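Hello! Here are a few notes to read alongside the model when you have a moment.

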Amino acid sequence: MKRLLIAGVALATGLAATAGAIADPVDDTLEIDGTPIVTRTAAPEGHPFDEVLSGWLFREAETRDVSRDSFENPGMIAVEDGETLWNTVMGSEGKSCATCHDDAAVSMKGVGASFPKWDADSQKPINVELQINKCLTEQMGAEAIGFNKKGQRELTAYIKHQSLGMPVKLDLSEGEMQSWWDKGKDVYYARTGQLNLACASCHEVAMGKMIRADHLSQGQVNGFPTYRLKSGLTSLHQRFRGCIRDTRAEQPKAFSDDLMALETYVTWRGTGLSVETPAVRQ
Ligand code: HEC
Ligand code: HEC
C-alpha cells in the first residue's frame, strides 16, 4: 500500500521520486551552541506515531552540521534583524516592543514553545505572527504587518529563538482550542487537489521515503520560521501553502481559519520536540 502510494505520487507529479527507497531518520544527536535539542521523543497519547521526530533527523549530514553552530546558521541573521526591530520605535505611541517587554531573553523565554494559544478577544487561536500584529495595533498605534511582509518572519524568528531547546507544549484546555485541534485534524487528513493527497499521505504514510530529491519527514513545525538552503527564511504558513500547492489544490490564505486550525493540530503533533528556530532545512 505504501509503495503504491509513493509510486502514485511519483507518477502523478511526473517527478523522479525514488519509488519506495527507504532512508530512515538518522541516529544522531543535536546540540546547538551546547544547548541539547530533543529531536526524538515519545509521542503524546492519541498520536499516530509512537515516536515524534524532528525534520532535522531527515536532512543530510551537511545540513545537520550547519544547524549545530549559530555562527554557521544563515537563519541567525534574521534573528539579529528581529532583535533590531524589537528595539525599534514603531507607531504613533512612540513605543518599541522592548518598552513593554524589555529583554526578550527573559520575557519571551518559553513563549514561542506554547503558541498557538487561545485568544479570548478574537475567540480564535492566535500564533506569534498575529500576536505581534495585535501588539502593533492595540498597544503601539502601528499598522499590522501583512503576511510575510516587513520583518514579520524576522520578529517571529527572534521571539521563537528565545525558546531554543525548550519543549513544544500547547494548552488545549484553553477556550475552544480542542475544537480547533479537531478541525485541524480534519484538514490534515482531507485529500485535496488534482493529486488527491492529504498531508498524511506524505508525512505519515510515506514518512521516511524519498520524494524527488527530498526525504519525507513527519512535517514537524518546531523549527519555524526555518532557513531553507534553497530559498531562505520561510514562515510556517508559507510552508503549509507550498505543500498544499504541490498537491495542485487551491491554497488557503495565510492566517485563514483552515491554516490556523492546521497550525494548532500540527504543532500538537510535535509535542515534546525542542524549539529549533531558526532550523536549517533543505
Ligand atoms: C504598550 C505595551 C506593549 C508593547 C509596546 C508591545 N506589547 Fe506585546 N504584549 C503586551 C501585553 C499587555 C500583552 C499580553 C496581552 C495580549 O495578548 O495582548 C502582550 C503580549 C505579547 C506576546 C505574548 C506573550 C505571551 O506570554 O503569550 C508577544 C509574543 C508579544 N506581546 C510580542 C510583542 C512584540 C513583538 C512587540 C513589538 C512589535 C510588542 N509585543 C509590543 C503589551 C505590549
Ligand atoms: C506530495 C507530498 C507532500 C504533501 C501532500 C505535503 N507535504 Fe509537507 N513536505 C513535503 C516535502 C517533500 C517536504 C520537505 C521534506 C520534509 O521535511 O519532509 C515537506 C515539508 C513540510 C514541513 C517542514 C518540515 C520541517 O522539518 O521543516 C512541514 C511543516 C510540512 N511539510 C507540513 C505539511 C502539511 C501541514 C501538509 C498538508 C497541508 C503537507 N505538508 C503536505 C511534501 C509534502
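1. Which helix supplies the largest share of the shell around ligand 1? In this predicted model, that share is seven residues, and they come from H6. The helix itself covers 128–139.

2. Here is the rest of that shell. In total, 17 residues surround ligand 1, and Lys-95, Cys-97, Cys-100, Cys-135 and Gln-139 are the closest. By residue class, the shell has 10 nonpolar, four polar and three charged members.

3. On the H6 side, the contact is made by Val-128, Glu-129 and Ile-132; on the H7 side, Gln-152, Leu-155, Thr-156, Ile-159 and Lys-160 meet them. Four residues of this contact are nonpolar, two are polar and two are charged.

4. Finally, the overall fold. The protein has 11 helices and 11 strands. Its radius of gyration is 19 Å, close to the 19 Å given by the globule rule for 282 residues, so the protein is as compact as a globular protein of that length. The C-alpha trace spans about 60 × 40 × 35 Å along its principal axes.

5. Two figures on packing may also be handy. Of the 282 residues, 36% count as buried. Among contacts between residues at least 6 apart in sequence, 72% join residues at least 24 apart.

Note on methods:
Residues numbered from 1 in each chain as written. Chains lettered and ligands numbered in written order. Predicted model: local features only at pLDDT ≥ 70, side-chain atom pairs only at ≥ 80, totals over all residues. Near = placed C-beta within 6 Å. Helix = DSSP H or I, 4+ residues; strand = E, 2+ residues; numbered from the N terminus. Nonpolar A, V, L, I, M, F, W, Y, C, P; charged D, E, K, R; others polar. Contact = placed C-beta atoms within 7 Å. Rg over C-alpha atoms; globule rule 2.2 N^0.38 Å. Buried ≥ 20, exposed ≤ 12 C-beta atoms within 10 Å, placed from the backbone.
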